[in-house]
Amino acid sequence: MTAILERISTLSVSGQQLRRLPKLLEEGFPKMPGTVKESDVPQLFREPYIQAGYRPTGQHWRYYFFSLFQKHNEVVNVWTHLLAALAVLLRFNVFAEAEELSLEVQSLPLFLFVLSSVTYLTCSLLAHLLQSKSEMFHYTFYFVDYVGVSVYQYGSALAHFYYSSDQAWYDKFWLFFLPAAAFCGWLSCAGCCYAKYRYRRPYPVMRKVCQVIPAGLAFVLDISPVAHRVVMCHLEGCEETAAWYHTFQILFFLVSAYFFSCPVPEKYFPGSCDIVGHAHQIFHAFLAICTLSQQEAIFLDYKNRQDIFRRRHGPLSVILSCGSFFGLVACSAVTAHLLQRRIRVDLAIKES
């Protein structure tokens, strides 16, 4: 009987602790300032037709990290790419276990593609999560975001070139495709960083031109092996599963590009899409789906086209082109850093 009473007493204590747990968790979190209207943040942080839901600047870093769980106008942008990054990693883990992948020459482009996908998604979510800290950090994190985009562009080019291109396309473009893709990846980063540095809100059309044209050139080039294969496949009555995933990849990217370029629907409903539903969030969602479709297609190509890979490529050429991936990372990072230093000087002059 005594033993039973002691056990009941233990359960009672545990129950009391559990009831206090929500309060303990609440006390453990920093006090979260409420969001503010666009008139309460500097012009740099304002988005067209988004009237509220902004996080105040100048708060402690903990606030911006914990704002992952707060309702504000960037939270959907953060979660779409956070969930997509986790999905990419989980799907790759399943594929790697099923195929017993190891780090060898024929799988190097695949590893770099997955790395580039996770990199751009992570850089993007960090930019949207932390950019409200200050003007300097706003520029810094968006420059990091642009580096991530250039890395993803070249990672995609590597995977498309080695696993997804058909022979007719390969015979014409194999010599200059990867060098051109690396240059366009760097140009995309440089164009976006320069546009961010050069133009102030309200942004002129030239800012979009500096961003969209280099990124568009990179996309057209990087997707060309896949686009050629998709067109040829559909002309012959496509029954190839990977080609259908590539088709979805292209369609989802084009839809995402539209919402990146046009502030729809918030343009027609100002103030109604502040927290959920504005164009950049839709852009993020479709881009995430595009990446997942692309990953699935590349996994199928890697699995089913090993003979084509071995026939075309020697170990040295694969190692050199994969090594250039890290050269692109370095060039893009240096470009972003140089423009960030210019921003730092300009802001110091402005404050003085």
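1. An unreviewed UniProt entry places the feature "transmembrane region" at residues 75-96, 108-130, 142-163, 175-197, 209-231, 243-260 and 318-339. UniProt positions follow the numbering used here, feature names are shortened, and annotations may be inferred rather than shown by experiment.

2. **What the model is.** This is a predicted model: local features need pLDDT of at least 70, side-chain atom pairs count only at pLDDT 80 or more, and totals for chains, interfaces and linings use all residues. Residues are numbered from 1 along each chain as its sequence is written, and side-chain values use heavy atoms, with hydrogens and water left out.

3. **Overall build.** The protein has 12 helices and 0 strands. Helices (H or I, at least four residues) and strands (E, at least two) are DSSP runs, numbered from the N terminus. Along the sequence the pattern reads α-α-α-α-α-α-α-α-α-α-α-α. The C-alpha atoms fill a box of roughly 75 × 70 × 40 Å along the principal axes. Of the 352 residues, 46% count as buried. Buried means under 20% relative accessible area, exposed means over 50%, and partly exposed lies in between (1.4 Å probe, protein chains only). Among contacts with a separation of 6 or more, 74% join residues 24 or more positions apart. Contact here means heavy atoms within 4.5 Å.

4. **Two of the recorded segments.** Residues 142-163 are 100% helix and 0% strand, with end C-alpha atoms 31 Å apart. Residues 209-231 are also 100% helix and 0% strand. Their end C-alpha atoms are 29 Å apart.

5. **How H5 and H8 pack.** The axes of H5 (residues 135-164) and H8 (residues 205-235) come within 8 Å and cross at roughly 15°. That makes H5 roughly parallel to H8. Axes are lines fitted to C-alpha atoms, for helices over the stretch in contact, and angles run from 0 to 180 degrees between N-to-C directions. Angles under 35 degrees count as roughly parallel, over 145 as roughly antiparallel, 65 to 115 as roughly perpendicular, and the rest as oblique. The crossing of H5 past H8 is left-handed. A crossing is left-handed if the near helix is turned anticlockwise from the far one by less than a right angle, and right-handed if clockwise.

6. **Who meets whom.** From H5, the contact uses Tyr146, Gln153, Ala157, His160, Tyr163 and Ser164. From H8, it uses Arg207, Gln211, Ala215, Ala218, Asp222, Ile223, Pro225, Val226 and Arg229. The contact residues divide into 8 nonpolar, 4 polar and 3 charged. Ala, Val, Leu, Ile, Met, Phe, Trp, Tyr, Cys and Pro count as nonpolar, Asp, Glu, Lys and Arg as charged, and the others, Gly among them, as polar.

7. **The recorded binding site.** The unreviewed UniProt entry places the feature "binding site" at His128, His280 and His284. These residues span 157 residues in sequence, yet no two of their C-alpha atoms are more than 11.1 Å apart, so they gather at one spot.

8. **Surroundings of His128 and His284.** His128 is in H4 (residues 108-130). At 3% relative accessibility, it is buried. Beyond residues up to four places away in sequence, His128 touches Arg55, Glu74, Asn77, Val78, Tyr142, His280 and His284. His284 is in H10 (residues 279-304). It is buried too, at 1%. Leaving aside neighbours within four places, His284 contacts Asn77, Thr80, His81, Ser124 and His128.

9. **Ala84.** This residue sits in H3 and is buried at 5% relative accessibility. Not counting residues up to four places away, Ala84 touches Leu121, Ala288 and Leu292. Its C-alpha atom lies 15 Å from that of Ala127, which is 43 residues apart along the chain.

10. **Backbone spots to check.** Most residues other than glycine have a negative phi, and most peptide bonds are trans. Tyr49 has a positive phi of about 70° and is not a glycine. It lies in the loop between H1 (2-28) and H2 (61-66) and is partly exposed at 33%. Glu100, also not a glycine, has a positive phi of about 55°. Glu100 lies in the loop between H3 (75-99) and H4 and is exposed at 69%. A cis peptide bond joins Val264 and Pro265, with omega about 15°. Pro265 is in the loop between H9 (241-261) and H10.
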